[in-house]
Amino acid sequence: MTRLFPIAALAASLIAVAPAVAQTGGYYAATPATAPAKNTLITAGTLWKCADGVCGAAKSTQRDVIMCQMVAQRVGKLNAFSVAGAAFDEATLAKCNTVAR
């Protein structure tokens with residue numbers, strides 16, 4: 001049963017960020033540990049819009065992990081990253097955060 005707590009916490013966090021993702025128009029959703037200084041940023045030609053602590057972007061031709069790493073390089077450590085509503089697991093998110101500024 002202890003394994004259900006992280007899943008429940010993740011589900012709750014995704015439900016909480018859903019309105020912000022809708023506002024940012026995202027196929028990708030990144031939740032930075034600290035709010036970015038700007039409301040928009042560009043990574044390899046992909047426009048990210050940030051609102052309410054979540055940054056979203058339209059689908060890109062880059063691999064999902066690369067998209068995560070590019071946004072982490074710009075905004076710093078991410079608390080969460082999802083692709084089309086599916087959240088990265090802890091190991092993939094940790095790999096993404098290795099390049100965070």
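Strands β2 and β3 (residues 46–51) are joined by four bridges in the antiparallel sense, where two strands count as paired if DSSP finds at least two bridges between them. T43 has T46 as its bridge partner in β3. Helices (H or I, at least four residues) and strands (E, at least two) are DSSP runs, numbered from the N terminus. The model is predicted: local features need pLDDT of at least 70, side-chain atom pairs count only at pLDDT 80 or more, and totals for chains, interfaces and linings use all residues. Residues are numbered from 1 along each chain as its sequence is written, and side-chain values use heavy atoms, with hydrogens and water left out.

The open sheet contains six strands, ordered β2-β3-β4-β1-β5-β6, with antiparallel pairing. Because β2 (40–43) and β6 (86–87) each have a single partner strand, they stand at the edges, and one side of each lacks a neighbour in the sheet. The pairings of β1 and of β2 are listed below.

| Strand pair | Sense | Bridges | Bridge partners |
|---|---|---|---|
| β2 and β3 | antiparallel | four | T43 and T46 |
| β1 and β5 (78–83) | antiparallel | five | Y28 and V83 |

Strand β1 (residues 28–32) is largely enclosed by the rest of the structure, because five of its five residues are buried; buried means under 20% relative accessible area, exposed over 50%, and partly exposed in between (1.4 Å probe, protein chains only). Y28, A30 and P32 cover one side of β1, and A29 and T31 the other. In a regular strand the side chains alternate between the two faces of the sheet.

Helix α2 (residues 64–75) lies across β1, β2, β3 and β5 and runs at about 145° to β5. Such angles run from 0 to 180 degrees between N-to-C directions, with axes fitted to C-alpha atoms, for helices over the stretch in contact.

S60 lies in the loop between β4 and α2 and counts as buried at 18% relative accessibility. Leaving aside neighbours within four places in sequence, S60 is in contact (heavy atoms within 4.5 Å) with Y28, T46 and M67. The S60 side chain also reaches the backbone nitrogen of Q62 at 3.1 Å.

Notes. Polar contact = N/O pair within 3.5 Å; in protein donor to acceptor, adjacent residues only side chain to side chain.
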